[in-house]
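Subject: Handover of a structure, with findings

Dear colleague,

Please find below the structure that I am handing over to you. My notes on it follow directly after.

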Amino acid sequence: MTYDPGAEAPQFAPPIDADRFREAMSRVAGAVHIVTTAGPAGLGGLTASAVAPITIEPPMMLFCITKTSSSAARIMKNGVFCINTLVAADESLAEIFAGRTGHHLEERFATGTWSKLKTGAPVLETALAAFDCCFVEAKEVSTHLIMIGVVEAVEIASGGDALLYTHRKYQNLLVD
Ligand SMILES: Cc1cc2nc3c(=O)[nH]c(=O)nc-3n(C[C@H](O)[C@H](O)[C@H](O)COP(=O)(O)O)c2cc1C
């Protein structure tokens with residue numbers, strides 16, 4: 001099913017209290033990524049932990065984005081995105097792309113060193129791994145979109161500690 005902005009989203013009665021769900025989710029440790037886009041609709045990017053691989057063959061990944069994010073429309077219009085998995089030293093970049101420093105859209109790229117691979121979406125040179133994707137489809141689920149892409153190219157760092165987010169704060173995962 002493809003994303004139809006005019007279609008009504010399915011409604012679910014909340015089976016548990018939202019705060020309790022948030023509290024439970026805060027215990028889950030997740031890697032921190034910056035998802036970027038570039039193209040005719042302009043630059044965009046956000047910090048995201050709701051990222052997952054889907055299939056190896058073909059290589060496909062997904063991330064979840066709130067529909068109100070200024071980057072959501074740009075990603076779909078540009079038809080490309082890159083998932084950049086952050087090292088611990090890039091915590092400040094995670095804050096910038098989470099919108100916590102007042103920087104918007106293209107302004108966020110003033111920090112960090114950015115290049116590109118195949119699709120033209122910005123690739124963070126210090127990333128642990130970068131997954132350069134062509135956008136395939138979006139599935140609307142309540143307040144969010146599940147964005148699905150096929151991986152066209154990857155960049156892999158030789159080392160570096162991982163940046164995690166758990167218990168509502170950043171943690172470093174030391175890697176041997
Ligand atoms: C650690 C962390 C993880 C986040 N994960 C997500 C996510 O998976 N999906 C999402 O839509 N927003 C996520 N956010 C919030 C977005 O980064 C933030 O709402 C957005 O970038 C704000 O920018 P915008 O106004 O351009 O959309 C996360 C924030 C942080 C700090």
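Against which strands do the buried residues of H2 pack? They pack against strand S2 (33–37), S3, S5, strand S6 (80–85), strand S9 (129–141) and strand S10 (144–156). Helices and strands here are DSSP runs (H or I of at least four residues for helices, E of at least two for strands), numbered from the N terminus. A residue is termed buried if 20 or more other C-beta atoms lie within 10 Å of its own, exposed if 12 or fewer do, and partly exposed in between, with C-beta atoms placed from the backbone.

Two remarks on conventions apply throughout. Residues are numbered from 1 along each chain as its sequence is written. The model is a predicted one, in which local features need pLDDT of at least 70 and side-chain atom pairs count only at pLDDT 80 or more, while totals for chains, interfaces and linings use all residues.

Overall form

The chain has 3 helices and 12 strands. Its radius of gyration, taken over C-alpha atoms, is 16 Å, which agrees with the value near 16 Å for a compact globule of 176 residues (the globule rule being 2.2 Å times the number of residues to the power 0.38). Along the principal axes, the C-alpha atoms fill a box of roughly 45 × 40 × 35 Å. Buried residues make up 30% of the 176 residues. Of the contacts with a separation of 6 or more, 65% are between residues 24 or more positions apart; a contact requires C-beta atoms, placed from the backbone, within 7 Å.

The largest nonpolar core has 34 residues, of which Phe 81, Cys 82, Ile 83, Leu 86 and Cys 133 touch the most other members. Such a core is a set of buried Ala, Val, Leu, Ile, Met, Phe, Trp, Tyr and Cys residues joined through C-beta atoms within 7 Å. Leaving aside neighbours within four places in sequence, Leu 86 is in contact with Val 32, His 33, Ile 34, Leu 93, Ala 94, Ala 127, Leu 128 and Leu 163.

The ligand shell

The ligand is surrounded by 17 residues, and the closest are Leu 46, Ala 48, Ala 50, Ser 69 and Gly 99. At least two shell residues come from each of strand S3 (44–48), strand S5 (60–66), helix H2 (70–78) and helix H3 (91–97). By type, the shell holds 10 nonpolar, 7 polar and no charged residues. In this scheme Ala, Val, Leu, Ile, Met, Phe, Trp, Tyr, Cys and Pro count as nonpolar, Asp, Glu, Lys and Arg as charged, and the others, Gly among them, as polar.

Ser 71, Ala 72, Arg 74, Ile 75 and Asn 78 are the buried residues of H2. Ala 72 is counted as buried because 20 other C-beta atoms lie within 10 Å. Leaving aside neighbours within four places in sequence, Ala 72 is in contact with Ile 65, Lys 67 and Leu 145. Lys 67, in the loop between S5 and H2, is partly exposed, with 15 C-beta neighbours inside 10 Å. Just after H2, Gly 79 takes a positive phi of about 75°.

Strands

Val 35 stands opposite Leu 46 in S3, and His 33 stands opposite Thr 85 in S6.

A further open sheet has 3 antiparallel strands in the order S1-S11-S12. Strand S1 (30–31) and strand S12 (169–173) stand at its edges with a single partner strand each, so one side of each is left without a neighbour in the sheet. In the hairpin of S11 and S12, which has 2 residues between the strands, His 167 takes a positive phi near 55°.

Yours sincerely

Notes:
A residue is near a molecule or strand if its C-beta atom, placed from the backbone, lies within 6 Å of it. Two residues are in contact if their C-beta atoms, placed from the backbone, lie within 7 Å. Two strands pair if DSSP finds at least two bridges between them.
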